[in-house]
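Student: Could we go through this model together? I would like to discuss backbone angles and then a pocket.

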Amino acid sequence: MNRHYTKEDIIHLAKEGNVRYIRLQFTDLLGIIKNVEVPVSQLDKVLNNKMMFDGSSIEGFVRIEESDMYLYPDLDTWLIFPWETEHGKVARLICDIYMPDGTPFAGDPRGILKKVLAEAKEMGFSTMNVGPEPEFFLFQLDEKGNPSMEVNDKGGYFDLAPVDLGENCRREIVLTLESMGFEIEASHHEVAIGQHEIDFKYADAVTAADNIMTFKLVVKTVARKYGLHATFMPKPIQGINGSGMHCHMSLFKENENAFYDEKDELGLSSTARQFMAGVLTHARGFAAITNPTVNSYKRLVPGYEAPCYVAWSAKNRSPLIRIPASRGLSTRIEVRNPDPSSNPYLALAVMLKAGLDGIKKNLQVQEAVNRNIYVMNDAERERAGIPSLPSSLKEAIDELLADSVVSSALGGHALTHFVEAKLIEWDMFRTSVHEWEREQYLTLY
């Protein structure tokens, strides 16, 4: 998907592809995709960074008195959507957000990730490669077109049709993504009923985050064609597995994988071990970013394959970090706690920042935990030095505010607005009376 376009290329491609509208896309602090749609007649203005929008109307951006902002399109993100509209094709450009004085906006999630990548570059790392694995559920729509809680199938892990009625929908999602330049590595039914996973080829961190946002848009758009609702909610159904977004990560120095050392018994370099130590040290601090909703913490419970404990292993899947078997250029770590409700730009920024902190401070990673942590009791985990991830959004926010390294990755503006929004979310949840409470207490008392 790495193409390099000039302004002239884009003008030519728009004409050639019968593009009538251009969506200027960006992502707000909470990870929701936003766009300003303009007719193709405005293309020159777009390509010269002259498109302005009102930042005060976007969650977590700015106050009304400082609302003017500019969209600077990243030309390499040019993409024509494969679906037709009655008025011709729609293309998109993903944009960075700038202030009127020409400086990058401090609250732009894409800009925040780029800033941490610049820090990695200063430390000698040219790229962070990321292979994301976002999972999602497909639910049937009711007669009014609203999502029901009826899953679309009764399939299980890796099941094929006819049990898996989502197969056709998933196949079309894959074909659509491929037509847009995605390299799909795997597509299968996940463990839970109605749950699916499509894995695409790794990319540099910014492209990977762009790809996740595009992926979500395509999944939801294609699902609706099939009378289905796709959701990236982490735990839509109690009692079965939730949806994760495992992230495979590696640092490169030009063409050399900085995580690989053939002399090490596990093939892991000291850089990989220090990076891992940083991620484990700050895992409680960045959980509010990688697992940003009240619902996220319903997934991070024992027994459903989601990691709840801060440890690593080259063998089993209960810890936070697993080391996949491939070595050489494919040597990487898999961080398993992020979920697909997270803002991918911020999630990758804080995990990278945590890892870089481990390298800077030469942090030493503890022994690998190769037994099933779920069967250990509290005392055994304490003896083994295995902390738990936060158990609620409120605990995660407190940990975020206490972690100066993770906070500094976000910067003051994004941190303040993110925490403000999440405390409102927590308070609404805390003060709501839930069905469970009525079931438990209404007749008992």
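**Backbone and pocket**

Tutor: In this predicted model, N49 is partly exposed, with a relative accessible area of 26%.

Student: Where is N49 placed?

Tutor: N49 sits in the loop that runs between α2 (43-47) and β3 (51-54).

Student: And what is the phi of N49?

Tutor: N49 has a positive phi of about 60 degrees, although it is not a glycine. Most residues other than glycine have a negative phi.

Student: What about N362, where is that one?

Tutor: N362 belongs to the loop between α8 (344-360) and α9 (378-383). Its phi is also positive, near 50 degrees, and N362 is not a glycine either.

Student: Is N362 buried, partly exposed or exposed?

Tutor: N362 is partly exposed, because its relative accessible area of 43% lies between the limits of 20% and 50%.

Student: Changing topic: how much space lies in the second largest pocket?

Tutor: The second largest pocket holds about 570 Å³ of space.

Student: Which residues of the lining lie nearest its centre?

Tutor: Q238, N295, K298, H434 and W436 lie nearest the centre of the second largest pocket, out of 16 lining residues.

Student: Which element gives the largest share of that lining?

Tutor: Helix α12 (residues 435-441) does, with four residues in the lining of the second largest pocket.

Student: And how do the lining residues divide by type?

Tutor: The lining of the second largest pocket has seven nonpolar, four polar and five charged residues.

Key: Residues are numbered from 1 along each chain as its sequence is written. This is a predicted model: local features need pLDDT of at least 70, side-chain atom pairs count only at pLDDT 80 or more; totals for chains, interfaces and linings use all residues. Side-chain values use heavy atoms; hydrogens and water are left out. On a 1 Å grid over the protein atoms alone, a cavity is a set of points where a 1.4 Å probe fits but cannot get out, and a pocket is an open set with protein on both sides within 12 Å along at least five of seven lines; lining residues have an atom within 4 Å of a point. Grid points are joined across faces, edges and corners, and a volume is the space filled by probe spheres set on the points. Helices (H or I, at least four residues) and strands (E, at least two) are DSSP runs, numbered from the N terminus. Ala, Val, Leu, Ile, Met, Phe, Trp, Tyr, Cys and Pro count as nonpolar, Asp, Glu, Lys and Arg as charged, and the others, Gly among them, as polar. Buried means under 20% relative accessible area, exposed over 50%, partly exposed in between (1.4 Å probe, protein chains only).
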